[in-house]
Every structure is written in C-alpha cells, then in structure tokens.
Amino acid sequence: MTRLKNEIANGVRLENASWRTWWKQRNGLKTVTPETLNWCVLSWISFFR
C-alpha cells in the first residue's frame, strides 16, 4: 500500500485509514464517537478561515 499510495485515487487517505485501523486493532482500542469528544466540524471550519 505504501509504495502505491500516489498511484491510487485517494491513496494517501486510504493509507492513513489503514494505519489507523491496524493500530486500533493491534492495541485493542475502541472507537470514540465525535459526540463523546464534543467535536463539531463547523467549529473547525470557522477556526481555519
């Protein structure tokens, strides 16, 4: 995957998601919802403007 990430559409994003999934499974981590973190996309959008 790493060697071909620039050859595949959205390859960099796919590689990142793959590493995150691998790390999560390797360490027995659970999924955390955005609501649990009180994370709002709109606040980040306004932050980066």
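## A nonpolar surface patch

Trp 19, Trp 22, Trp 23 and Leu 29 make a nonpolar surface patch of about 480 Å². Patch residues have over 30% relative accessible area and no salt bridge, with nonpolar side chains (Val, Leu, Ile, Met, Phe, Trp, Tyr) joined within 5 Å and like charges within 9 Å. A salt bridge is a side-chain nitrogen of Lys or Arg within 4 Å of a carboxyl oxygen of Asp or Glu.

This is a predicted model, in which local features need pLDDT of at least 70, side-chain atom pairs count only at pLDDT 80 or more, and totals for chains, interfaces and linings use all residues. Residues are numbered from 1 along each chain as its sequence is written, and side-chain values use heavy atoms, leaving out hydrogens and water.

## Overall make-up

The protein has 3 helices and 0 strands, where helices (H or I, at least four residues) and strands (E, at least two) are DSSP runs numbered from the N terminus. Its accessible surface is about 5,000 Å², 58% of it belonging to carbon and sulfur atoms; areas come from the Shrake-Rupley method with a 1.4 Å probe, and for residues only the protein chains shown count as cover.

Of the 49 residues, 4% count as buried. Buried means under 20% relative accessible area, exposed over 50%, and partly exposed in between (1.4 Å probe, protein chains only).

## Helix H1 and the segment before it

Trp 23 belongs to helix H1, residues 11-26, and is partly exposed at 45% relative accessible area. Asn 16 also lies in H1 and is partly exposed at 41%. The C-alpha atoms of Asn 16 and Lys 5 are 9.8 Å apart, with the two residues 11 apart in sequence.

Asn 10 lies in the segment before H1 and is exposed at 55%. Asn 10 is not a glycine, yet has a positive phi of about 60°. Most residues other than glycine have a negative phi.
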